Amino acid sequence: MATKTHLDSIDSQVKNDPTSLQNYPVPLSPPLPSISKNIELNRALTASSRSSLFSLSRNHVLFEDQWLIAINKPQGIYCENVLSAVPSLLTDSTDSGTEVKLTELHLANRLDRDTSGIMIITKSHKVAAKLVKAFTEHKVRKTYIASCVGQAPKWVNITMKSGHGRSRYGAWRVYAASDVGKTLPGGSIVKDMETLFEVLSVNGQGQFKEFSESGRDLSEVMIIEQKSEIDCNLKKDEILVRAYPKSGRTHQIRLHCQYLGMPIRGDVKYEGAYEWKERTYDGHELHAESLSFEHPVTAENVLIQAPLPSWACQFFESEPLRTN
C-alpha cells in the first residue's frame, strides 16, 4: 500500500510542473504498482492459452430459459471465450427449448478475466437490448464475494461513495465524491461510484450469511474526499467481504477495497498480495455471487446464484451449502 508521503510527493511534482494537468481532479488512490506490469502480462498470456481451449458443459449452467442462459464463469477465462463456447452447448443440448439463432447471442454483462461467477448471455437482439439497458440503469442487483488482505475494519457494514475515472496515464482510479461531473484528461468525466460492503469473516472467524436486501440502508456511510492513510506496518488480516455495488463502474469493488486498505488477495494491479503465506496467487479472488432482476420478457423476478468458490469456503469451519 502506497504511503501518504509517496502520494503527496507525486502531487507535488504535478503542481510544480508548469505543463501539468493541475486543473484536473487529482486521483485519491495510488498509481499502478511497478510489480504489476510483468505479472499482469504473464497472467494475460496464460489466460489467453486457457481460454482458447475452454469449452462449456451443463455443469456451468446456472439458469436457462428460451431467452437467457446464465453461466458460472471460471477464474482466468475471458468473457468472449465463454460467449464463443455457448453455441456448441446449445447445439448439443436437447433442453434448450426453442430454436436459437446463434448469431444473436450477446453478452449482457462482463466480468474481469480473473473474476469468477455469473455471466448472462441473451439469445436474441431484442432481449439483449432490454437487459443491457437494465444493467446500464443499475436496475440489476448484484452481490460479489471478495477475499482481502489488510487491516481488519472496525465496521461490519459500510457504504462507500466516491468518484471514478481514468487518470492521465489511463489507469482507473478513485476520485473525490465532490469531483463527480468534472472533466479528466482525454475528455472523460468523473462518474459516481457507490459500494456497500459487509464483513463475513476475519481470520476464519465468522459465519456465512445469505445475502439480504434488509438492513442495507442502516450501514455507516463513507463519503470519500481525501486520500486514504494506511499504516503499512500494522498486522495484516484475512478478510472475507460481500460487496453490493450500486453503480457498475470498471474495477469498482477492486478500487474500493484498495482504498479501504484491504486490497483483494492476488489483485496485484491494486496492491493485493501476490504472495501470501508461502503461496503465489495466479489471479485475484473476486466472485460474482448473485444477480437479481426483472425478466426482460416475462417481467417475473429472477434470482440467479453461483456456488461459492473453494477459497471462500475456506474462511469457515463448515462449508456453506452453495459450494463448487
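Reader: Which strands do the buried residues of H4 pack against?
Author: This is a predicted model, in which local features need pLDDT of at least 70, side-chain atom pairs count only at pLDDT 80 or more, and totals for chains, interfaces and linings use all residues. Helices (H or I, at least four residues) and strands (E, at least two) are DSSP runs, numbered from the N terminus. With contact meaning heavy atoms within 4.5 Å, the buried residues of H4 pack against E2 (68-73), E3 (106-107), E4 (116-122), E5 (141-150) and E14 (286-294).

Reader: OK, so how wide is the arc that holds the buried residues of H4?
Author: Buried means under 20% relative accessible area, exposed over 50%, and partly exposed in between (1.4 Å probe, protein chains only). In H4 the buried ones are Val 127, Ala 128, Leu 131, Ala 134 and Phe 135. The arc uses directions from the helix axis to the C-beta atoms. Looking down the axis of H4, these residues line one face of the helix, because they fall within an arc of 130°.

Reader: And which exposed residues sit on the face turned away from the buried side of H4?
Author: H4 covers residues 125-136. Turned away from its buried side is a face whose exposed residues are Lys 126, Ala 129, Lys 133 and Thr 136.

Reader: Is Leu 291 buried or exposed?
Author: Leu 291 is part of strand E14. Among the residues it touches, leaving aside those up to four places away in sequence, are Ile 118, Phe 135 and Ile 304. Its relative accessibility is 4%, so Leu 291 counts as buried.

Reader: How far apart in space are Leu 291 and Thr 143?
Author: Along the sequence, Leu 291 and Thr 143 are separated by 148 residues. In space, going C-alpha to C-alpha, the distance between Leu 291 and Thr 143 is 6.8 Å.

Reader: Which residues make up the covered face of E15?
Author: In a regular strand, side chains alternate between the two faces of the sheet. E15 (residues 301-305) has Asn 301, Leu 303 and Gln 305 on its uncovered face. On the covered face of E15 are Val 302 and Ile 304.

Reader: How many bridges join E14 to E15?
Author: Two strands pair if DSSP finds at least two bridges between them. E14 and E15 run antiparallel, with Ser 292 opposite Leu 303. The number of bridges joining E14 to E15 is 5.

Terms used: Residues are numbered from 1 along each chain as its sequence is written. Side-chain values use heavy atoms; hydrogens and water are left out. The expected span of a helix is 1.5 Å times one less than its number of residues.
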